[in-house]
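Open the structure in your viewer and keep the selection tool at hand. The stops below say what to select next and what is there.

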Amino acid sequence: MKYLTALLIFLFALSISAFAQKYAAFQLNTDKLEVGHEIHFVYSGAFSKKIDPRLSMYYKVNDHLRWKTLDAKYNGTTTTGSFIIPDSTSSIDIKTRNERDTTEEFIFNVTKNGKPYISQKQSDQIAVVQDKNIAAFNKESVDLIKNKIPAGNFLTELTAMEIKYPKFVAEGKFDRIYTTVAYMLFAEGDINNAERYVDEIRFKYMQKDFYVSVVRAMLNSSSSDFHLAEKYIERAIALEKFQPMPYYVFDKKQWSQMVINTTGDYFDLAAQIQYKLGNIKQAINCLNIAMKMASNNVEIKAHYLQYLMDTGENKAALDAASKYIENDQVSVEIKKFLQEAYVKENGLIDGYTNYFQSLMKKGQEKYVLPEYGKLNVPAINFSLQDIYGKTISLTDFKEKPLILYFFSTYYNNTQRNDFNNYFNKIVKEYSGSPVVFLAIDKGRVSEQDEANGRPLRIQRINEFLTKNNLSFKVLMDNYHQDQNSNSSFYYTADNYSSGDVCQFYVIDKNRIVRYKSFPYTPMPVEQFEHELNAALKLVD
């Protein structure tokens, strides 16, 4: 047995030694990649000269493929950045993330304390040689979960398995089985036995997940026992500290803050339970705790406004909602409660629009552009046709600031139209200024239409502009589809790493990209307004 184990280790070490350690296009600051160490890189490959380039690190944890986007910046010549190797893998695979086909791939082996690192997968392979029971257990547990438990005929077999595999019970390998049984019993109303199986779960965070899941389900039913829900959310809050740091988080401080934010979400659930029980003041107390822990969660703030108004504290609700708007914490619900509180406090709707706009103005004055959007890299040239057949290039706008706005005629819904309308409004306001605004359409009709001069695409754009009363200048991004690699992309959007529509880029008169906006499509238009106005100051 020991010779077989040694052979497995040797073959594993031999396999990772074959991995290349040096690449001309992806250079590291060290020849030895240590688990847990920060590694700096310089990438100069095929896709390095892109605005906000995207690189990903792929690795495996217990035979499950994981990936993490690397911190990378294009400096005008190359792309530089850094990453930390997670304590879970024997090798890493760096790839470019883009819509174009690329064979670029950079593979590195990993060491721990100067020695080749044996991953959990490799350790498991060795363990399987020593413990053949694991394969039999996995097969039996899958059959139990898929077939026996749903049929309600599981108790005898589960008990037999517990007697047969006591080591796996202690190691928590039965936790998935216990969780499945607990959910089934709870759904059947057998609360006592459901809780008994929850208590059998070895990993506390899995107990917590059960309680939170059940509480969320109970809140969606008017016939639930909310006193029981109250007990469960208290248990969940107490168990959150046992949540292990996930594979995609490498910063312990960041993880600590994530735990605090999640606990705030659970206090919001506690508040909803108290609200269902009629304890509105207690619900407000829970929300005060929740808002301190998860300060950016606008859903919690909306609940807070609702509960204030339910207790008749309209002035407090108006003051709170006004503060949220001033601090760029806007949502449809917050705007709704602001208007309701305003009307109840003033007795009429007159003056509300001006009041709301004054809050928005204060919010704009306080708004600070987020650091993640700030860039300082050379713009990438483009040559695109407008809807009149004229070719427009970046080089046509010497000594003029430029705003690129990516959109698509295929996204014709209220929210995206709000973004388009505001962009159109800004274009009109800047009429006569040196700033040039170009909207770039990502909406081809068909390959045949593209080849025939795009008559259908131009017709579609004109109809879209007319229907929505838009007058901004539109260029058509060039679409490419590679039949061999099954990849497709729009050239300019891909060069600028634009991952969504309603996204803008600010280019100064020296053709330096100063700012890239966040893709705002799932967010309120007011946040888009604040960001666009603040970004324009970079080139005013």
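Among contacts (heavy atoms within 4.5 Å) between residues at least 6 apart in sequence, 67% join residues at least 24 apart. This is a predicted model, in which local features need pLDDT of at least 70 and side-chain atom pairs count only at pLDDT 80 or more, while totals for chains, interfaces and linings use all residues. Residues are numbered from 1 along each chain as its sequence is written, and side-chain values use heavy atoms, with hydrogens and water left out.

Start with the whole protein. Colour it by secondary structure to find 20 helices and 20 strands; these are DSSP runs, numbered from the N terminus, with helices (H or I) of at least four residues and strands (E) of at least two. Of the 540 residues, 47% are buried. Buried means under 20% relative accessible area, exposed over 50%, and partly exposed in between, with a 1.4 Å probe and protein chains only. The accessible surface comes to about 27400 Å², and carbon and sulfur atoms hold 50% of that; such areas come from the Shrake-Rupley method with a 1.4 Å probe, and for residues only the protein chains shown count as cover.

Next, select residues 314-326, helix H13. Its 13 residues should span 18 Å at 1.5 Å a residue, and the end C-alpha atoms are 18 Å apart, which agrees; the expected span is 1.5 Å times one less than the number of residues. Buried residues of H13 include Asn-314, Leu-318, Tyr-324 and Glu-326. Show the neighbours as well: the buried residues of H13 pack against helices H11 (280-293), H12 (298-310), H14 (332-346) and H15 (352-366).

Step just past H13 to Asp-328, which takes a positive phi of about 60°. Asp-328 sits in the loop between H13 and H14. What does Asp-328 touch, not counting residues up to four places away in sequence? Its contacts are Tyr-367, Glu-526, Gln-527 and His-530. Asp-328 is buried yet has no salt bridge, and the nearest side chain of opposite charge, Lys-335, is 11 Å away. A salt bridge is a side-chain nitrogen of Lys or Arg within 4 Å of a carboxyl oxygen of Asp or Glu.

Now select Lys-335 and Glu-526. Their side chains meet in a salt bridge (2.6 Å, N to O). Lys-335 lies in helix H14 and Glu-526 in helix H20 (residues 525-536), so the pair ties together parts that are 191 residues apart in sequence. Lys-335 is partly exposed at 27% relative accessible area, whereas Glu-526 is buried at 5%.

Being three residues apart in the helix, Glu-333 and Lys-336 are separated by about one helical turn.

The count for the protein is 21 salt bridges. For a linked set, select Asp-441, Glu-450, Arg-454 and Arg-457, which form a network of salt bridges.

Finish on the surface with Tyr-410, Tyr-411, Val-445 and Leu-456, a nonpolar patch with about 350 Å² of accessible area together. Patches are made of residues with over 30% relative accessible area and no salt bridge; like charges are joined within 9 Å, and nonpolar side chains (Val, Leu, Ile, Met, Phe, Trp, Tyr) within 5 Å. Tyr-411 is in the loop between strand E14 (402-407) and helix H16 (414-429), and counts as partly exposed at 38% relative accessibility.

How values were computed:
Lys and Arg count as positive and Asp and Glu as negative; His and the chain ends are not counted.
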